[in-house]
Amino acid sequence: MARLAFPRRWWRDAVGYQIYVRSFADSDGDGIGDLGGVRQHLDHLGWIGVDALWLTPFYPSPGHDHGYDISDHCAVDAALGTLGDFDELVARAHDLRLRVLVDIVPNHTSNEHRWFQAALADSGDPRRDYYIWRDPAPDGGPPNNWVSNFGGPAWTLDPVSGQYYLHLFLPEQPDLNWRNPAVRAAFEEILRFWLARGVDGFRIDVAHMLLKDRELRDNPVAARVVREPGTVDDWNRFEHRHDLDQTGTPSLYRPWRALADEAHALLLGEVYLLDAARTARYVRHDDGLHLTFWFGPLVASWNASALRASLETIAQEGRGRVAWTAGNHDGSRPATRFGGGALGQRRALVLFTLLAGLPGMPFLYQGDEIGLQDAELSPQDAQDPIAVRAGEHAAGRDVARAPIPWRSGPGSGFTTASRAWLPLGDAPAGGTVEEQRADDGSWLWRYRELLHARRSLPELEDGAPQWIEQPADLLAYRRGPVLVAANLGEQPREPELPPGRWQVAFSSSRATGGPLDALEHDSAVVMVDRASIP
Ligand code: TEU
């Protein structure tokens, strides 16, 4: 597969876009989004002005965690297409100068993966040691107190061998043993496979979780038990001292980095730690990951000083090696989190404007560019294992996974099937991509204007942004001749601007071009100092 002649570090000025493949577009009428559907809608991404797309897992999978339980890393799930479809998608994306990132899931496999099947069949098989097995505790129970991210114990008994295996997610997602060199070698092969097919990088699932404490010591209890064990709250009852973010984990990526650098490919980690210093360890060294996601904005409340604190520390620690995101397929959408309706949509754009000016790579999650809100789903529609297994409808992640409303009418332009895998819901009037594209006052146009303004900014240094003290509810930072300011309050307010001839290059709420008097409530601007530009 031909590779685009990219300059090194193509992601320095790039904007990413996350595609949850099952819900983006269905090209074969089975109600499930697929690779063909992605290919057919690439022009949408080019039009908005993104540079790279990240495809969530499309590999063969029994689907217990919708693709994050992989049974073959080097193939395409029949419901989502073929390797030929993947090649066509990459070729078409490259024609449009869009880079393609694929999701790599190294923490665990599906229990149906041939490695785990071999491990189950014969405890003397070398692949037994690809996973983490332990004898029961003296009372016959699990070997330690670790719990699964999705609730319940992190250990399941294999009755045949009498040993437990570890799974920090579902029992159908056994954790790999990254202390085994054969596992490391196997993943280098997987990377080589996709690099040879022309991918431009990898988003690495739970990149901080691969190594576990050698002695599998108990985790300290962090909070009192408020609910019965077995709920999704189990995870938060512990301090995760021994089951994740172990000392050697960042350096596991050294050989990956060598492979990626040779191909000018990006390594982007999902390091969900919410601690800036610990997160930055994964990108601090030139043999680590290139970028890490920062999830502070996903848990932030609508408060200027709290938001600034979350962005400031990681921008400092991460030194430009940060991927910024306001939403993804694992939680509530920003427009809903920040109040819902038009107010929530306004705020989501403010947040994205703030993220888009920081050093690093901003990512949009599909649908956020049209101001999509959480889908309203009834418990019987639930698909997410968190909702289905634990009966935790409220905690389910389906709300952000509903299919994209491309246009009005049956199937919403997503599918020709009579039912989609998750209900389509009714897009509010003017809410579809087609309608918004025809209306230059729409959210879609504003996101596009932001990305186009960003592209036309003068070249910016990677150094940490300089935060400028502001009146309450406002926040602002400067990167040389560029300044981003936001008003999170309910009243219009004038921001404090440093000396300069500041002009508005983008406004989340009004026309651009002139100077700035006051920032409307829940609005943000990108400004350029004309005095400092030749
Ligand atoms: O998510 C990892 C994950 O569960 C955390 O980031 C989670 O959001 C955090 O701990 C808050 O509780 C990734 C995928 O994005 C997700 O879809 C998968 O289910 C999971 O890994 C397992 O592969």
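This is a predicted model: local features need pLDDT of at least 70, side-chain atom pairs count only at pLDDT 80 or more; totals for chains, interfaces and linings use all residues.
1. A polar side-chain atom of Asp-330 lies 2.5 Å from an oxygen atom of the ligand, and for a polar side-chain atom of Asp-205 the distance to a ligand oxygen atom is 2.7 Å. In His-329, a side-chain N or O atom is 2.9 Å from an oxygen atom of the ligand. The protein buries 85% of the 510 Å² that the ligand exposes when taken alone, and the space that the ligand takes is the largest pocket.

2. The largest cavity. The whole structure holds four cavities of 30 Å³ or more, and the largest cavity has a volume of about 60 Å³. Among the residues lining the largest cavity are Ala-356, Leu-450, Arg-454 and Val-526. Helix H14 (443-455) and strand E14 (482-487) are the elements that give two or more residues to this lining, with H14 giving the most, three residues. The lining of the largest cavity divides into seven nonpolar residues, one polar and one charged.

3. The second largest cavity. This cavity has a volume of about 50 Å³, and its lining includes Pro-334, Phe-352, Tyr-365, Asp-368 and Tyr-447. Helix H11 (341-356) and strand E11 (361-365) each supply at least two residues of that lining, and E11 gives the most, with three residues. Eight residues of the lining of the second largest cavity are nonpolar, one is polar and one is charged.

Terms used. Residues are numbered from 1 along each chain as its sequence is written. Side-chain values use heavy atoms; hydrogens and water are left out. A polar contact is a pair of N or O atoms within 3.5 Å; within protein, one must be able to donate a hydrogen and the other to accept it, and residues adjacent in sequence count only if both atoms are side-chain atoms. Accessible areas come from the Shrake-Rupley method with a 1.4 Å probe; for residues, only the protein chains shown count as cover. On a 1 Å grid over the protein atoms alone, a cavity is a set of points where a 1.4 Å probe fits but cannot get out, and a pocket is an open set with protein on both sides within 12 Å along at least five of seven lines; lining residues have an atom within 4 Å of a point. A molecule sits in a cavity or pocket if more than half of its atoms lie within 2 Å of its grid points. Grid points are joined across faces, edges and corners, and a volume is the space filled by probe spheres set on the points. Helices (H or I, at least four residues) and strands (E, at least two) are DSSP runs, numbered from the N terminus. Ala, Val, Leu, Ile, Met, Phe, Trp, Tyr, Cys and Pro count as nonpolar, Asp, Glu, Lys and Arg as charged, and the others, Gly among them, as polar.
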